[in-house]
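Please consult the sequence and the coordinates alongside the text.

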Amino acid sequence: MKSAIVLGGGMVGIGTALHLQRRGWSVTLVDRREPGKETSYGNAGIIQSEAVRPYPMPRDLATLAKIATGRTNDVRYRLASLPRHVAPLLRYWWNSAPKRHREAIAAWARLIAYATPEHDILISEAHADNLIRRAGYRLLHRDPRDFELAIETAEENRRDYGVQFRVLDGSALAKAEPLLRDDLPGAIHFLEPWTVSDPGALVSAYARLFERHGGRIVSGDAQTLSETASGWSVDTAEGRLDAEAIVVSLGPWSPDLLQRFGYRIPLVRKRGYHMHYQGGSSLDLPLVDTARGYAMAPMAKGIRITTGAELTSPDAPATPIQLGHAEAAARELLDLGGRVEPEPWFGTRPCSPDMLPVLGQAPRHRGLWMNFGHGHQGFTLGPATGRLLAEIMSGQTPAIDPAPYGPERF
C-alpha cells in the first residue's frame, strides 16, 4: 500500500487526504492544530459554484488610487509591510491583463465545475447535511450604475458557463429580506452556490469521515520535514512519521516550508477578519455588500461579517479597521445586535499571482507534492483539487488537464 503524509488540516488538506484514501493510499494528516481551525474556519461559508472568474487585480488608475489613498474598504495595507508584497503584487498586476486573465478564467472555471459535486459526496458521507443550505446568496449593489454593470457580467457568465441567477430590484429585495433597509437599488441572487452555517464544523465533519475510514490525524511540526532514502519524514507528537509521498497543503505557510528545498513560490498573502453578532435582526441568505467591501452571513453563532484583504506582515498585530468600517456599513442596512466575541478572528488567504492554485509534483524532488494557493476559494475548491491531485498521484487519468496549475510554472 502506498503511503502519504498530508501537511495541513484545512479544507484543501482534508480534501486531498480523503481522495488519496479512496484510491488505496495509507494517509496520515499532520497539523499543529485540529482540522479546520485556520483559514478554512474564518471564511464567509459559501461554496461558490458561480465563481467562474478569479479575482483580478484592478488595473485602472482610479481604483488603484482609491486603494493607495485608503478610500476603499476592499483592500487596506500597512506601509511598513509593503516591501514584502511588491514582487507578488507586480506579478498579480501583470497576470490581471485582459488576455492573461481570460486564460486564468478558462483554467479556473474547469475547477469550479467540480466544486459542489465533490462537496456533495463528502457532505452525504460525513452526515453533514444539517450544516448546508442550497439556496444561493445575494450580491447587493448600492449604486445603480454598478448594479447594471454587475448584471451584464452575470449575463456573460450565464451565457459562457451556465451560471444561474435572478435579478432583484429594490422592491423584490425588500420582500426577500424584509429586515433590510428598503431603499436599495437591488441585488443579484446567485441561485446555485451552497452556504454553510459553520465552516469549521464542516471541515471537522470531513476529518471525522477520514478517521472513520482508517485515516490518522496527528499533531506535528511541518518545519521538521526532511527527505529520506525511501521518501519523506516529519516529527509528530507520536514520534517520527515516514511515507513515500508528502503533500504540502499549508495554505499561506506553504512557500516558507518549500523554500528550504529550493522552491520560491510567490504568494499574495491577504489577511481577513471576521466577527459574529447576535441580538439584532437576521438575514435569510448571505449578503455581499460590494460597495463597502465585506460579506455578512447568517451562521450558527449569529451574523458573521467577513472583510476584504489587508496586506500586512504575518506576525503583525490585529488592525481590524476594515471590520470597523464593515460593521458601520452593515448597521446602515439592518440591526446587527452586539458583538459575540471580545476580539475579531483573523487569518490569511493564500493567493497565487496568476490566480490559479499550485497543484502538482515538485520538479526536482520525487514524492514531494503541492496543493495550495487557492486565493479566496480554498473552502470551495478543496475537495475538487484534492481529487485532481489524488488522481495524478495515483497514476489515474485526471478529470481535467492539470497543466495550468503545475508548480513548475514558477
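Tyr137, Phe165 and Phe190 come together as one aromatic cluster in this predicted model. The count of aromatic pairs comes to five. One of them is edge-to-face, because the rings of Trp232 and Phe261 have centres 5.5 Å apart and planes at 75 degrees, over the cut-off of 60. Since Trp232 belongs to strand E12 (residues 232-236) and Phe261 to the loop between helix H9 (254-259) and strand E15 (268-279), the pair ties together parts 29 residues apart in sequence. Trp232 is buried, at a relative accessible area of 0%, and Phe261 is buried as well, at 15%.

A tilted pair is formed by Tyr273 and Phe346, with 5.6 Å from centre to centre and 45 degrees between the planes. Here strand E15, which holds Tyr273, is linked to strand E21 (residues 345-351), which holds Phe346, across 73 residues. Tyr273 is buried at 1% relative accessibility, whereas Phe346 is partly exposed at 35%.

Rings also meet charges. The charged end of Arg100 sits over the ring of Trp94, 3.6 Å from its centre, and that of Arg134 over the ring of Trp194, at 4.3 Å.

Turning to the sheet, six strands form an open arrangement in the order E10-E2-E1-E14-E23-E22, with mixed pairing. Strands E10 (216-219) and E22 (358-361) are its edges. Strands E14 (residues 245-248) and E23 (residues 368-372) pair in the parallel sense over three bridges, and Val248 stands opposite Met370 in E23. Helix H1 (residues 11-22) packs on the sheet, touching E1, E2, E14 and E23. Helix H11 (residues 378-393) lies across E14, E22 and E23, at about 165 degrees to E23.

Conventions
Residues numbered from 1 in each chain as written. Predicted model: local features only at pLDDT ≥ 70, side-chain atom pairs only at ≥ 80, totals over all residues. Heavy atoms only, no water. Pairing = 2+ DSSP bridges. Helix = DSSP H or I, 4+ residues; strand = E, 2+ residues; numbered from the N terminus. Contact = heavy atoms within 4.5 Å. Axes fitted to C-alpha atoms, helices over the stretch in contact; angles between N-to-C directions. Phe/Tyr/Trp six-rings, centres within 6.5 Å; stacked < 30°, edge-to-face > 60°. Buried < 20%, exposed > 50% of the residue type's maximum accessible area, 1.4 Å probe, protein only. Lys NZ or Arg CZ within 6 Å of the ring centre and 35° of its normal.
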